[in-house]
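Here is a short briefing on one protein model. Look at the structure first, then work through the points by topic.

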Amino acid sequence: MRADTQEVINMVAEYKKVLPVPNIDTQEFWDGCHHHELLIQKCSECGIYRFYPCPMCSHCGSMKADWKMVSGKGTVYTWSVIRRAADPAWAGDLPYIAAVIELDEQPSLLMPGNIVECDPDKVTAGMSVEVFFEDVTEKISLPKWRPASTK
Amino acid sequence: MKWPMKDKTAIAGIGWTKYVKKSGVSVLALALEACKNAIEDAGLKPADVDGIISYAVNDSINVNSVSTHLGMQRLNFLADLSGGGNLSCASVADAAMAIATGNAKNVLVFRALNGASGIRWGDSNAKMLDMLSTTGACSDSFGQFLAPFGCDVWVTHFAWLAKRYMIKYGFNARQMASQLGAIAITSRNHAILNDRAMMRTPLTTDDYERSPMISEPLHSLDCCLRTDGACALLVTSDEQANDLKHRPVYVMGASQGGGPNTRDISWANYYNDHTRSYATYIAPLLFERAAISTKDVDVAEIYDCFTFSVLAQLEDWGFCKNGEGGQFVLEGHTALGNELPVNTHGGLLSEAYIHGLNSVVEAVSQLRGDAGPRQVKNAEIAFVSGGGAGTLGCGLILRR
């Protein structure tokens, strides 16, 4: 069979971690990830961004929002180096970094995720990171974070 | 303005099962045993009891099953709350509210679970994620935005909160370990004096530092136990309490809830300041209702799902200044015999994890003067909290 088909089969067969199951409120976010775009809801009326996706703006009550592609840049708000995996599927990744990223677009716009390509002992508060996407299955791509390139 | 419920209700009975790793019985059996003990402790019979309330995270038994098999004859008040430790004191306050408003006369409050051998809160698996998306104080953020990134477990959420605290006050890992270790050791020292406690072997700082690191900065000894067991309380009116077996322990003040953005109880993505827990919001009302200040508290049973919870709450309830919670413990103020004994039973860290209701039981024992070697001399007023260092919680002030 074609090499890329085999690659897809390998990916699906191997991925043992929990996959997000998109729902009606979050489908567009995950579609964005699938297309390697970080889409965040922006209130149509007052312009405030929000994440996790949800149907209402808690600031103005509007139920209209646009999905905006954001810069993919942020800073480290908080983090923890995981040394023992509660889920056995993560055992092979130890130690790994579980972090919360504050997106550059707005203060307190937070997103949990993983920082990769980084020495766990070298993470600092406020460190600049940028998003990229990992295609973990045919349907799902996950946003991941790495230290921002200094260009 | 005087709180209408102040001192109008009292805890007249307490009961519990053994706290173990494998009960070998159903959650229903545990609930029944603890409730029966609380009713008998009050000097009442099941037919005298007309209300029942419990809280759970999809891991327990509904209250009407318990009331039926206890032999209760009448139900005038019932509630199955959904949530964890954030509802421990709240469920007692809700029982008190039913009594103070004349809706019920004698109300049972219980928490029962096979939390070690059965549904283990804090495990990471498909069933737990399913439960978390439907349980109070949680949401489907766990399955969608946390678990895919290996950060769906409570220890990591509290590690994130601890890290925000470290960033704000400039504490490094070594300083944090020193403070958190002192909390674990103080609790263990208290548990050693407690027949009910699951963990009674002494702990040194060396033991603490060598215990496995789970999610920096939290070691395994920073995390509470897992327990099979149940405990229960019998709440009644102040008048009725005078006729019963033990000296009454009055509900002097209560508050519950939090501030804005409480969708998730531990890691709350919408929360605006992660170094201000729920206690910051609900403390003023608690002390105002009780008409006391923190200085009047003789003993404090502070919800300790993690050591960091104690540190944050010492500050947020107003027992010490912001940034000084750890120092307060290091100086020994929270040990028995000192200024503000904390978790005299050993807490959730060393007694048992009955989601905080066991801490209310201990407060009652203290105020009755029944705490034996753990007794705080002349304990008149006790403080109890429910909920860690996150967005939702509750508090109780009890007095004799």
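Helices (H or I, at least four residues) and strands (E, at least two) are DSSP runs, numbered from the N terminus. Helix H11 of chain B is followed by B:Gly318, whose phi is positive, near 100°. This is a predicted model: local features need pLDDT of at least 70, side-chain atom pairs count only at pLDDT 80 or more, and totals for chains, interfaces and linings use all residues. Residues are numbered from 1 along each chain as its sequence is written, chains are lettered from A and ligands numbered from 1 in the order in which they are written, and side-chain values use heavy atoms, with hydrogens and water left out.

**Burial**

- Buried means under 20% relative accessible area, exposed over 50%, and partly exposed in between (1.4 Å probe, protein chains only).
- H11(B) is mostly covered, with 10 of its 10 residues buried.
- Among them are B:Thr307, B:Val310 and B:Asp316.
- B:Gln175 lies in helix H7 (residues 173-191) of chain B.
- B:Gln175 is partly exposed, at a relative accessible area of 35%.
- From B:Gln175 to B:Ala137 is 38 residues in sequence and 32 Å in space, C-alpha to C-alpha.

- Helix H6 (residues 154-169) and helix H11 (residues 307-316), both of chain B, have axes that come within 10 Å and cross at roughly 50°.
- That makes H6(B) oblique to H11(B); under 35 degrees counts as roughly parallel, over 145 as roughly antiparallel, 65 to 115 as roughly perpendicular and the rest as oblique.
- Axes are lines fitted to C-alpha atoms, for helices over the stretch in contact, and angles run from 0 to 180 degrees between N-to-C directions.
- On the H6(B) side, the contact (heavy atoms within 4.5 Å) includes B:Phe158 and B:Tyr165.
- On the H11(B) side, it includes B:Phe308 and B:Leu311.

**Aromatic rings**

- Rings of Phe, Tyr and Trp (its six-membered ring) pair if their centres lie within 6.5 Å; planes under 30 degrees apart count as stacked, over 60 as edge-to-face and the rest as tilted.
- Over all chains, the count comes to 22 aromatic pairs.
- B:Trp317 and B:Phe383 have ring centres 4.9 Å apart and planes at 70°, so the pair is edge-to-face.
- B:Trp317 lies in the loop between H11 and helix H12 (325-330) of chain B, and B:Phe383 in strand E10 (residues 381-386) of chain B, so the pair ties together parts 66 residues apart in sequence.
- Both B:Trp317 and B:Phe383 are buried.
- One aromatic cluster is formed by A:Phe29, A:Trp30, A:Phe51, A:Tyr52, B:Phe145 and B:Tyr270.
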